[in-house]
Amino acid sequence: MGLQLQMLGTGSAFAKNYYNNNALLYDGTFTLLIDCGVTAPHALHRLGMSFNDIDAVLITHIHADHVGGLEELAFKTKFTFKRKMILYITEELAHSLWEHTLKGGLYQEGEISSLDDIFEVRFLQPLNPQSLTELITVELLPTNHIPGKASYSLYINESIFYSSDMTFEPSLLLNLVQERGCRTIFHECQLSGPGEVHTTLQELLTLPEDIQKITYLMHYADDKDDYLHQTGDLTFLEQNLIYEL
Ligand SMILES: O=c1ccn([C@@H]2O[C@@H]3COP(=O)(O)O[C@H]3[C@H]2O)c(=O)[nH]1
Ligand SMILES: [Zn+2]
Ligand SMILES: [Zn+2]
C-alpha cells in the first residue's frame with residue numbers, strides 16, 4: 001500500500017464551514033498529523049478518532065490554525081493516554097512554540113517545563129530529507145509567508161509537495177516538477193483579494209496547464225463553492241476524503 005492523505009480540514013484560518021487546514025498522512029502502520037490547529041480535536045472526533053490514534057505531529061509554522069490544538073493534544077497525551085507523541089519540528093520553531101505559544105497554558109511546576117515533558121521531540125533540519133518511517137521521507141522547504149516568521153512547506157518522498165501557508169513561488173513549483181520529479185502538489189489557496197501572505201487562485205491559474213493538472217487547492221475560505229467552475233485545471237481538495245498518493 002502507498003501513502004494515503006486525509007485532510008482533517010481544508011479551511012483558511014477564519015473559515016467556519018471547513019476545519020483548519022490540517023492533514024493525516026497514513027503509511028499503513030504509522031499516522032502523521034501535519035499541523036494541529038484549533039479545530040483539530042473536534043475534526044478528529046468527527047472522524048471517530050482521538051489523539052491516541054496518531055503517532056506523530058509535524059508543525060509547519062506557528063499560527064493558531066496550525067498549532068492551536070496542541071495544548072489539548074499535550075494534556076490528553078500526557079494525562080489521559082500517558083504517552084509521549086513524536087513531535088517533528090525545526091529547532092527554531094520548537095523554541096518559539098514553547099516560549100510564545102504553549103508555555104502559558106502547559107507550564108506546571110514539577111510536571112511540565114519544556115516540550116520534552118510532553119513530546120518526544122525530533123528535530124528536522126530544513127533542506128535535508130529525513131526518513132520518518134520506512135515509507136515516509138520529508139524534506140522541509142523554507143517558504144515565504146509572514147516577514148520574519150519561519151514557515152516550512154513539505155516535500156514528501158521526492159514526489160509530493162505540500163505547501164505550508166506561503167506566498168506564490170512559481171519558480172519553486174516549476175523546479176520541483178521539472179527537475180525533481182514532483183507529481184502531486186497540495187497548495188494553499190486564497191480565493192479572493194490580494195494574496196499578501198497567501199497564494200491567490202489568480203496566481204495559481206498562471207501556472208502551466210500540466211502543473212495545474214497535478215495541483216490540489218486547500219486552505220480555502222467559506223465561499224469555495226462560488227469558485228467551483230473558476231479553477232481552470234486546478235482541483236479543490238476535500239476534507240475527510242482519503243486520497244491515495
Ligand atoms: O499580515 C497578515 C497577517 C495575518 N493575516 C491573517 O491572519 C491569518 C493567520 O493565519 P493564516 O496564516 O492561515 O492566515 C492569516 C491571514 O488570514 C493577514 O491577513 N495579514
Ligand atoms: Zn493557515
Ligand atoms: Zn499562517
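So, a donor here is an N, O or S atom within 2.8 Å of the metal (3.2 Å for Na, K and Ca), and with water not among the atoms, sites may look incomplete. With that in hand, the donor residues of the zinc ion (ligand 2) run D-H-x98-D-x53-H along the sequence.

Quick housekeeping. This is a predicted model, where local features need pLDDT of at least 70 and side-chain atom pairs count only at pLDDT 80 or more, while totals for chains, interfaces and linings use all residues. Residues are numbered from 1 along each chain as its sequence is written, chains are lettered from A and ligands numbered from 1 in the order written, and side-chain values use heavy atoms, leaving out hydrogens and water.

Okay, back to the zinc ion (ligand 2). Who holds it? Asp 65 (OD), His 66 (NE2), Asp 165 (OD) and His 219 (NE2) do, at 2.0 to 2.2 Å. Asp 65 sits in helix α2 and Asp 165 in the loop between β10 (160-162) and α5 (170-179), so this pair ties together parts that are 100 residues apart in sequence. Helices and strands, by the way, are DSSP runs numbered from the N terminus: H or I with at least four residues for helices, E with at least two for strands.

Are those two aspartates, Asp 65 and Asp 165, buried or exposed? Asp 65 is buried, with a relative accessible area of 5%, and Asp 165 is buried too, at 2%. Buried means under 20% relative accessible area, exposed over 50%, and partly exposed in between, using a 1.4 Å probe and protein chains only.

Which residues make their contact, meaning heavy atoms within 4.5 Å? From α3 we have Leu 70, Glu 71, Ala 74 and Phe 75, and from α4 Leu 97, Leu 102, Gly 105 and Leu 106.

Note on methods:
Contact = heavy atoms within 4.5 Å.
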